[in-house]
Amino acid sequence: MAERNFSPVGFFSRNSLLCLFTITSILFVLSWLSVLRSTGRPRFIDRSLLPNSKPFAVSDISNSDSQNPIDIEPSIENEEKEPEEENCRKCSSNYPILKVFMYDLPAEFHFGLLNWTPEGESVWPDIRTKIPAYPGGLNLQHSIEYWLTLDLLSSEFPGFQNAHTAIRVHNSSEADVVFVPFFSSLSYNHFIKMRPRRKGKNNGNNQLQDKLVKFLNAQAEWNLSEGRDHIIMAHHPNSMLDARMKLSSSMFILSDFGRYPPHVANVGKDVIAPYKHVIKGFINDTSDFDSRPTLLYFQGAIYRKDGGFIRHELYYLLRDEKDVHFAFGNTQGDGINKATIGMHSSKFCLNIAGDTPSSNRLFDAIASHCVPVIISDEIELPYEDVLDYSEFCIFVRTSDSLKEKFLINLIRSIKKDEWTRMWRRLKEVENHFEFQYPSKEGDAVQMIWQAIVRKVPSIRLKLHRSRRFARTSVGRERVKTSMQMPKNFW
């Protein structure tokens, strides 16, 4: 019988495969044990190695630089707070301090227009001893330049810092923005309104604007930023008519955009500020829906140009309606007192477009706690990024208001409960439209500074982008050359 042949190569091959299979099985089991162990107990993480050592869900909002306090949703435990507390939280001083460099313009640009004469080398009055008075009447409605300048001057006084969003710095390299203290609205009223015979091109108002443009063009701060970080006040619609195009790169503080083309002024770069109300505020208002006998109130100029044509159209629609007061009026004589009594005793107050989209009447209504009915399609409103005006105003499209019975039926459909909610909200927000000195937290002065604070990141973005090619020697010509198409592109 033949012997079987024994092959050592086959024997070793089978043993090698068996060992390989065994080792692989052991490693597979160990890996699964490791996975199960890792899911059984959380492993320790050294949070000091993380960018923020606090858990992200409970980060400290008050100390965070990356979040705007007005955009933070309230926590569940705070949802039941009163509306007034919520309002204060949104518009409080939890803003970074705005550092403002202010030019020492000659007095003729600011307090000199109030018949103040400088003493010594200082161009500013000592407002700790006496404050130059601002003219009354309708002059006051565009007086924001006066209040902002006073607030900035007082920011250097001991004990005033607590109420300030903005503080003055004397080194422009430390500043966030540059403030141009030209009282442009007062200049217009002083030289044009009060001296109508001097309306020619060489009137004092135009001369000041020309001097201002020359002054700014000579300043290193203006040339460094091309004016992008400069604040110029032009609240009266007719102020800065000559200079606005030359200074359009700056941030304007305006009442509306009615007299400005979009490339000169727009909501992206500029700030809308409230008028100062002319009528008396309603102190200790204990009125209610039933104690205000007039349903709808309007008193003012009825025949206006531009968008104000609607006023006389509405006059003919509403003049015979019960409980509606729609009459011509002005500030002369006892006009302001009559308007105060009328608005304080009315449930709703009409704010209709005039020569421009806005008017002081809206802010008179807020001060009267008379629910504003706004009929102005192009109106821009102060601080609308932090205030919801639909909570205390009624908005009506111009086209709808001119429909027969549309407006009066809409107003009559608003019942006591809804009106009372809006009336209460008016009382909560009225402080945000109040100009005063010394300024107080949450008033109009601080709200305007806070609106500027919210523009600073955009200003910095524009400045940084403008410096991209600052080091190149041929500037724009090099950019154009680099953008040429190759000859064989097509």
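**View 1. Glu 226 is partly exposed, with a relative accessible area of 48%.** Buried means under 20% relative accessible area, exposed over 50%, and partly exposed in between, using a 1.4 Å probe and protein chains only. Glu 226 forms a salt bridge with Arg 228, and their closest N and O atoms are 3.2 Å apart. A salt bridge here is a side-chain nitrogen of Lys or Arg within 4 Å of a carboxyl oxygen of Asp or Glu. Arg 228 is also partly exposed, at 23%. The model is predicted: local features need pLDDT of at least 70, side-chain atom pairs count only at pLDDT 80 or more, and totals for chains, interfaces and linings use all residues. Residues are numbered from 1 along each chain as its sequence is written, and side-chain values use heavy atoms, leaving out hydrogens and water.

**View 2. Lys 269 and Asp 270 form a salt bridge.** The closest N and O atoms are 2.8 Å apart. Both residues are buried.

**View 3. Arg 425 pairs with Glu 391 in a salt bridge.** Their closest N and O atoms lie 2.8 Å apart. The pair links distant parts of the chain, 34 residues apart. Arg 425 sits in helix α12, and Glu 391 in the loop between β10 and β11. Helices (H or I, at least four residues) and strands (E, at least two) are DSSP runs, numbered from the N terminus. Arg 425 counts as buried at 14% relative accessibility, whereas Glu 391 is partly exposed at 35%.

**View 4. Asp 104, Glu 156 and Arg 168 are linked in a network of salt bridges.** The whole structure holds 15 salt bridges.

**View 5. Five strands form an open sheet with parallel pairing.** The order is β8-β7-β9-β10-β11. Strands β8 (324–328) and β11 (394–395) stand at the edges, each with a single partner strand, so one side of each lacks a neighbour in the sheet. Two strands pair if DSSP finds at least two bridges between them. Strands β7 (residues 294–300) and β9 (residues 346–352) pair over three bridges. Leu 296 has Phe 348 of β9 as its bridge partner.

**View 6. Helix α3 (residues 144–154) crosses helix α13 (residues 444–453) at roughly 85 degrees.** Their axes come within 10 Å. Axes are lines fitted to C-alpha atoms, for helices over the stretch in contact, with angles from 0 to 180 degrees between N-to-C directions. The two helices are therefore roughly perpendicular, a term for angles of 65 to 115 degrees. Contact means heavy atoms within 4.5 Å. Residues making this contact include Trp 147 of α3 and Trp 449 of α13.

Definitions and conventions
Parallel < 35°, antiparallel > 145°, perpendicular 65-115°, else oblique.
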